[in-house]
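My notes follow in the order I looked things up.

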Amino acid sequence: MRGQHTWNEIQSQSDVWAAALRHAGEAAPGIVDAFPLADYSEALFIGCGSTHYLSQTAAALCNQLTGVRSRGLPSSEAFLFPTASLPRGGRPLLVAVSRSGETTETIIAARALRENLGAPTITVGNYPDSTLVRECDAAIIVPEGREQSVAQTRSFTSMLVSLQVLLGTAAGATHYLDSLAALPEAVSGLLSGQSEAMRQLGDDPAYDTFIFLGSGPFYGLACEAMLKMKEMSLSHSEAFHHMEFRHGPKSIVTNRTLIAAILSDSARDQELRVLSEMRDLGATVLLIADRAPSPCPADHLIELGTGLPETARLPLVLPPLQVLAYSRAMAKGLNPDRPTNLDSVVVLEE
Ligand code: F1P
């Protein structure tokens, strides 16, 4: 049935996150012992498409948890513009994020950094027998996150949970690591409680433009949600940092604009001000918050209610937005399992 794989993959995230916690919990201590972050000039996270956006979130999270300078880059930049993107001195630790472990750009970038900068390479993904797993120094793999669908949903969040465990272990943040154990049950409740509301919102033909707002570690996730909406439903969708949206892009807001906003802890008040202004311009606002603000500048609210800090609750913001994109695609008669023009892995002629 049209979209069946995508729906099942979205709905299976609770079990997949439990598996990610298990696999990453087993692998992370050995990786951190072998490659202590303090030994490197920076942490560099690379990926393509969804995994580029995941790299951006991982870099922000690494900075927050460890204080080690971290950056997220598209894999292509790392080898096509080395002087613009790589350090001249120092030795970075490279984390190559890739569901398949077969994306040519990420393989080339990992080889180049190892050969040119002597960078140790760690890969995070979902396929144990991949080229990246064979060629990298260490790997965290969550096979349970594998998908039939082209668009990443549970694979993405399984890699995010794995990165949270890896970076929490590197930071020695035991309380943070303990808090992650709540994620599988939290996402189970979230999916059963919010999927219908997100299906209805996705079905609503009133919207022709979808804006996703996220700041700090949430920006990469806003970009991923934007990509899901684009890949699955072929809709006009864009992602911005909350405050950046005011500096020009807000000019496109009409009463057919849906803004999905991820509320942080760090910039909560400023983010709420932006949403209030956008509603005055006619936008409809879907707000994802851990606890409901009062007053609440939103037309639709998803209250996560975890009590977890922003660095721990990161993956929870995605499943409702995955359902939103899925429902938009289904409402338009599209098949989210097979997005137009897309392949599950981009393999280039070398
Ligand atoms: C990277 C990627 C995906 C995208 C599509 C094409 O794959 O760009 O992010 O959704 O499937 O490939 P990978 O390196 O994460 O396997």
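I began with a definition: a polar contact is a pair of N or O atoms within 3.5 Å; within protein, one atom must be able to donate a hydrogen and the other to accept it, and residues adjacent in sequence count only if both atoms are side-chain atoms.

Two ground rules went down next. The model is predicted, so I noted that local features need pLDDT of at least 70, that side-chain atom pairs count only at pLDDT 80 or more, and that totals for chains, interfaces and linings use all residues. Residues are numbered from 1 along each chain as its sequence is written, and side-chain values use heavy atoms, with hydrogens and water left out.

**Entry: the ligand**

I looked up the ligand's surroundings. There are 13 residues around the ligand, and Ser50, Ser98, Arg99, Ser100 and Thr103 come nearest. A residue counts as near if one of its heavy atoms lies within 4 Å of the molecule.

Then I checked polar atoms. A polar side-chain atom of Ser100 lies 2.7 Å from an oxygen atom of the ligand. For Ser98, a side-chain N or O atom is also 2.7 Å from a ligand oxygen. For Thr103, the distance from a side-chain N or O atom to a ligand oxygen is 2.5 Å. The protein covers 95% of the 380 Å² of accessible area that the ligand has on its own. Such areas come from the Shrake-Rupley method with a 1.4 Å probe; for residues, only the protein chains shown count as cover.

Where does the ligand sit? I found the ligand in the largest pocket. A pocket, on a 1 Å grid over the protein atoms alone, is an open set of points with protein on both sides within 12 Å along at least five of seven lines. A molecule sits in one if more than half of its atoms lie within 2 Å of its grid points.

**Entry: salt bridges**

Side chains of opposite charge can pair when their charged atoms come close. I used this cut-off: a side-chain nitrogen of Lys or Arg within 4 Å of a carboxyl oxygen of Asp or Glu. How many salt bridges does a search of the whole structure find? The search gives 11.

I took Asp208 and Arg256 to start. Their side chains meet in a salt bridge at 3.1 Å, N to O. Asp208 lies in the loop between helix H10 (183–203) and strand S6 (209–213), and Arg256 in the loop between strand S7 (236–240) and strand S8 (257–262), so the pair ties together parts 48 residues apart in sequence. Helices (H or I, at least four residues) and strands (E, at least two) are DSSP runs, numbered from the N terminus. Asp208 is partly exposed at 37% relative accessible area, and Arg256 is partly exposed at 36%. My scale: buried is under 20%, exposed is over 50%, and partly exposed is in between (1.4 Å probe, protein chains only).

Next came Arg246 and Glu277, which form a salt bridge of 2.8 Å, N to O. Arg246 lies in the loop between S7 and S8 and Glu277 in helix H12 (residues 268–280), so this pair links parts 31 residues apart in sequence. Arg246 is partly exposed at 23%. Glu277 is partly exposed at 30%.

Then I checked Arg313 and Asp265, whose closest N and O atoms are 2.8 Å apart in a salt bridge. Arg313 lies in helix H13 (residues 310–313) and Asp265 in the loop between S8 and H12, so the pair ties together parts 48 residues apart in sequence. Is Arg313 buried or exposed? Arg313 is buried, at 2% relative accessibility. Asp265 is partly exposed at 39%. I also noted one network: salt bridges that share partners join Glu224, Lys228 and Glu231.

**Entry: a buried glutamine**

Gln13 is placed in helix H2 (residues 13–34). Gln13 is buried, with a relative accessible area of 0%. A polar contact of 2.6 Å joins its side chain to that of Thr157.

**Entry: backbone details**

Which peptide bond is cis? I found the one from Ser294 to Pro295, with omega near 0°. Pro295 lies in the loop between strand S9 (284–289) and strand S10 (300–303).

Leu234 is not a glycine, yet has a positive phi of about 55°. Leu234 is in the loop between helix H11 (219–233) and S7. Asn341 also has a positive phi, of about 70°. Asn341 is in the segment after helix H14 (318–331), and is exposed at 78%.

Terms used. 1 Å grid on protein atoms, 1.4 Å probe; cavity = no way out; pocket = protein on both sides within 12 Å on 5 of 7 lines; lining within 4 Å.
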